[in-house]
Amino acid sequence: VQVLEMSHKAAPLEEGVDQLSQWRERCADHVADLKQLLDDCNDRVNSRTNTEETCHQEMCDYIHHLDECAMPKAFASLK
């Protein structure tokens, strides 16, 4: 998965709102393929009455790559 660089100066962050959450929202497009895998897995699990599948790995992959994009930007924007 390629994490694309995004200018942290693109638009100002909203004051008084968690910056990491804002950066995660801005980075979401860069991990859309992993989000789709997670959503597909959740749909599969929810459509079955008896399954051992948990989607844990898909969730870990999604969050890992989302935070790989968002964390450096959030820390760089701290005052």
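Me: Is the crossing of H1 and H3 left-handed or right-handed?

Reply: A crossing is left-handed if the near helix is turned anticlockwise from the far one by less than a right angle, and right-handed if clockwise. H1 and H3 cross in the right-handed sense. This is a predicted model, where local features need pLDDT of at least 70 and side-chain atom pairs pLDDT 80 or more, while totals for chains, interfaces and linings use all residues. Numbering starts from 1 along each chain as its sequence is written, and side-chain values use heavy atoms, leaving out hydrogens and water.

Me: At what angle do H1 and H3 pack?

Reply: Two packed helices are described by the angle between their axes and the distance between the axes. Helix H1 (residues 19-27) packs on H3 at about 130 degrees, the axes being 8 Å apart (lines fitted to C-alpha atoms over the stretch in contact; angles from 0 to 180 degrees between N-to-C directions). H1 is therefore oblique to H3 (under 35 degrees is roughly parallel, over 145 roughly antiparallel, 65 to 115 roughly perpendicular, the rest oblique). Helices are DSSP runs (H or I, at least four residues).

Me: Which residues of H1 make the contact?

Reply: Gln19, Leu20, Trp23, Arg24 and Cys27 of H1 do (heavy atoms within 4.5 Å), and their partners in H3 include Leu66, Met71 and Lys73.

Me: How do H2 and H3 cross?

Reply: The axes of H2 (residues 32-46) and H3 (residues 56-76) come within 9 Å and cross at roughly 155 degrees, so H2 and H3 are roughly antiparallel. Their crossing is left-handed. Among the residues that meet are Leu34 and Arg44 in H2 and Glu58 and Tyr62 in H3.

Key:
Helices (H or I, at least four residues) and strands (E, at least two) are DSSP runs, numbered from the N terminus.
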